[in-house]
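Subject: Structure handover

Hello,

Here is the structure we spoke about, with the sequence alongside. My notes on what was found in it follow below.

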Amino acid sequence: MALAVMLLNGASFRSGCCRHKVLLSSLGPLLSNSKLYSSYRRPGAEPEKKLSWQNVDFSFKKSIDHLKTQLSLLKKETQDYLKGPGGNPLSQHLLEQTRVLWQFRSQEDLNKWVISSDVEIGGKSKVYIKLGRNNQAALLYGTLNTEVPRDGETKYSGYCSMRSRPEVGSFNRKKYYDWSNFNSLYLRVRGDGRPWMVNIYTDPYFSHQKDDLYSYFMFTRGGPYWEEITIPFSKFFLSSRGRVQDNQHPVWLDKASFLTLGFTIGDKVDGPFQLEIDFIGLLNDRAHKEKFAYEAYDKNTPV
Amino acid sequence: MNPQANLIFIASLLLGTTITISSNHWIMAWTGLEINTLAILPLISKSHHPRAIEAATKYFLTQAAASALVLFSSMTNAWHTGQWDITQLTHPTSCLILTSAIAMKLGLVPFHFWFPEVLQGSPLTTGLILSTAMKLPPMTLLYMTSSSLNPTLLTILAILSAALGGWMGLNQTQIRKILAFSSISHLGWMAIILIYNPKLTLLNFYLYAVMTTTVFLTLNTTKVLKLSTLLTAWTKAPSLNTMLLLTLLSLAGLPPLTGFLPKWLIIQELTKQDMAPAATLISLLSLLSLFFYLRLAYCTTITLPPHTTNHMKQWRTNKPTNTAIAILTTVSVMLLPASPMILTIV
């Protein structure tokens, strides 16, 4: 065992200082962590990351703590299951007309969201998120810059987005929501007049369509008053890699395997932007009777 | 769907079922099962929605694995006994593997996980075919090999199915999933009596098929998919909803209705075979499924839902009520007095 450790240490030492020697070129892939192919790193991408197993802390105490957390989550889930569908009594499921999904009152609410911008492809937009005044809202702000990164293949640039983290239950299992009681998304926002795009990304595990996205637009007013925007789910259209598909279908809400809800700004206008979000919720708008807004005609009619 | 394609799929389903039912060689039985699996996949994924594709994927993977296990069990039996006759499946290991394979095909616990998701992802008529017609070939295979199957395994599967079918159906709000769990608990009842009196298994299956067809067709007429829609479906066809109440109670097995007949006969047969504790246990476990049937019945007819003034009550259905629903409802509700005659037929 000590011999093996010595050999390994010797091997890594050798690979560290003799990486370019031809002698070790045959053992290169085994000893060093250089890739077998040349990889192009985009200007905004982070430099070579540590391998994922090097990040893990293999301490025993930490694993016991982790197990305890997961078991308590599992216990909570079992108790919720005993109460009724979705952790609430059935009467609540049958009677509810509104539900708040995300609200921004503390830092841990902000941690449920991830912000990103075109820096990842080498652009120059900036985006930040912080809690607004009196911890009553989240403020997403930044600067949009449509300057195209000069890597020879990108044609457009200039976008910023905020996406929710997918919810996981005990033991990192995916949580599926039942939003079948509701038919609209309800947002209380205060924007600056710029148009935003609301995107819903569903679980691609079974359909393997990793680029599918259901989107719709949110036009903000910009005044000092808060706006309550209702977007019916029947209006969300399907796009894949940004291209609107011909074959449209509505979002199914019963086993809403929604992984993320996201807001994106990409209206090709350089300059600062701001969006304050108070809460995001669901609404059962009984006056909205539309099932689906697109492709409502009958396809494949018999000749 | 394109009528010619629809014709091919329906004809393939009928062909596969007929091949399996009328076969006496294991390979032909397996052929029929595979034809059935392949023919129903386009019907499940008709709408090309990601959820329908998910349902079709789950269905295909489990059914293909189960078919392979059926073939494997028949091969090991042929290796040990030298013949491929379906009724002569005598080797104990083959019987065990076959029971597990058929349990996977039918949706008996612990191989039931695919069933609610597949029913939820498919349209109502395809769900009907999945619950009734696709269960007939595996059921006939069980019937033909019933004398050599392991009683302990079947009893365990049956009691677990009744238990889990009841428990997991309690928290559901999507009606197709509730019907999936009702199917699982009925399959438990069918499996428990298989060794002692296989004809009762078939009787239970036929009556269950009739009652489930009624429920599915009624839900298809009123276009109801979830519990909250069921609450306001009475405005579309009030008399149909009243009959749905009676059909649901019949599915639950309440006495003056038809659904009581198979349960009564099964309990009687189990008691005669010295299995009174099993009979008690499975009856108590079917109380759980009674709860969700009652909940469905309550939402259908007994309660008026809370609605605000801006809630539009739907007042018409898209298509006229199927004549078949009338006949099937009558059969599924009023057949108990004719039980001596039914016993002679089955």
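A residue counts as exposed here when its relative accessible area is over 50%, as buried when that value is under 20%, and as partly exposed in between. Please keep in mind that this is a predicted model.

By that cut-off B:L304 is exposed, because its relative accessibility is 57%.

Chain B

The chain splits into domain 1, residues 1-149, and domain 2, residues 150-345. Taken over C-alpha atoms, the centres of domain 1 and domain 2 of chain B are 23 Å apart. Domain 1 of chain B brings 30 residues to the contact, and domain 2 of chain B brings 38 residues.

UniProt, in an unreviewed entry, places the feature "domain: NADH:quinone oxidoreductase/Mrp antiporter transmembrane" at residues 23-288 of chain B.

Nonpolar cores

The largest nonpolar core contains 100 residues, and B:Y59, B:I192, B:L219 and B:L230 have the most contacts inside it. Helix 10 of chain B (residues 198-222) gives the most to this core, namely 12 residues. Both domain 1 (1-149) and domain 2 (150-345) of chain B supply at least three residues each to this core.

Leaving aside residues up to four places away in sequence, B:Y59 touches B:T37, B:I40, B:L41, B:I44, B:W114, B:V118, B:L130 and B:M134. Apart from the core described above lies another core, of 37 residues, which includes A:M162, A:L187, A:V198 and A:L238.

Buried positions in chain B

B:S73 belongs to helix 3 (residues 50-81) of chain B. With a relative accessible area of 0%, B:S73 is buried. Its contacts, again not counting residues up to four places away in sequence, are B:L89, B:S94, B:I97 and B:L98.

Over all chains, the structure holds 0 disulfides.

Chain A

What secondary structure elements does chain A have, and how many helices and strands are there? Chain A has 6 helices and 13 strands. Of its 303 residues, 37% count as buried. Chain A exposes about 19500 Å², and 56% of that area is supplied by carbon and sulfur atoms. Among contacts in chain A between residues at least 6 apart in sequence, 74% join residues at least 24 apart.

One residue to look at in chain A is A:S117, which is placed in strand 2 (residues 113-117). Is A:S117 buried or exposed? A:S117 is buried, because its relative accessible area is 8%. Not counting residues up to four places away in sequence, A:S117 touches A:S125, A:V127, A:Y159 and A:C160.

Regards

Notes. Residues are numbered from 1 along each chain as its sequence is written. Chains are lettered from A and ligands numbered from 1 in the order in which they are written. This is a predicted model: local features need pLDDT of at least 70, side-chain atom pairs count only at pLDDT 80 or more; totals for chains, interfaces and linings use all residues. Side-chain values use heavy atoms; hydrogens and water are left out. A nonpolar core is a set of buried Ala, Val, Leu, Ile, Met, Phe, Trp, Tyr and Cys residues joined through side-chain atoms within 4.5 Å. Buried means under 20% relative accessible area, exposed over 50%, partly exposed in between (1.4 Å probe, protein chains only). Helices (H or I, at least four residues) and strands (E, at least two) are DSSP runs, numbered from the N terminus. Domain bounds come from an automatic or database domain assignment. Contact means heavy atoms within 4.5 Å. Accessible areas come from the Shrake-Rupley method with a 1.4 Å probe; for residues, only the protein chains shown count as cover. A disulfide is a pair of cysteine sulfur atoms within 2.5 Å. UniProt positions are given in the numbering used here, feature names are shortened, and annotations may be inferred rather than shown by experiment.
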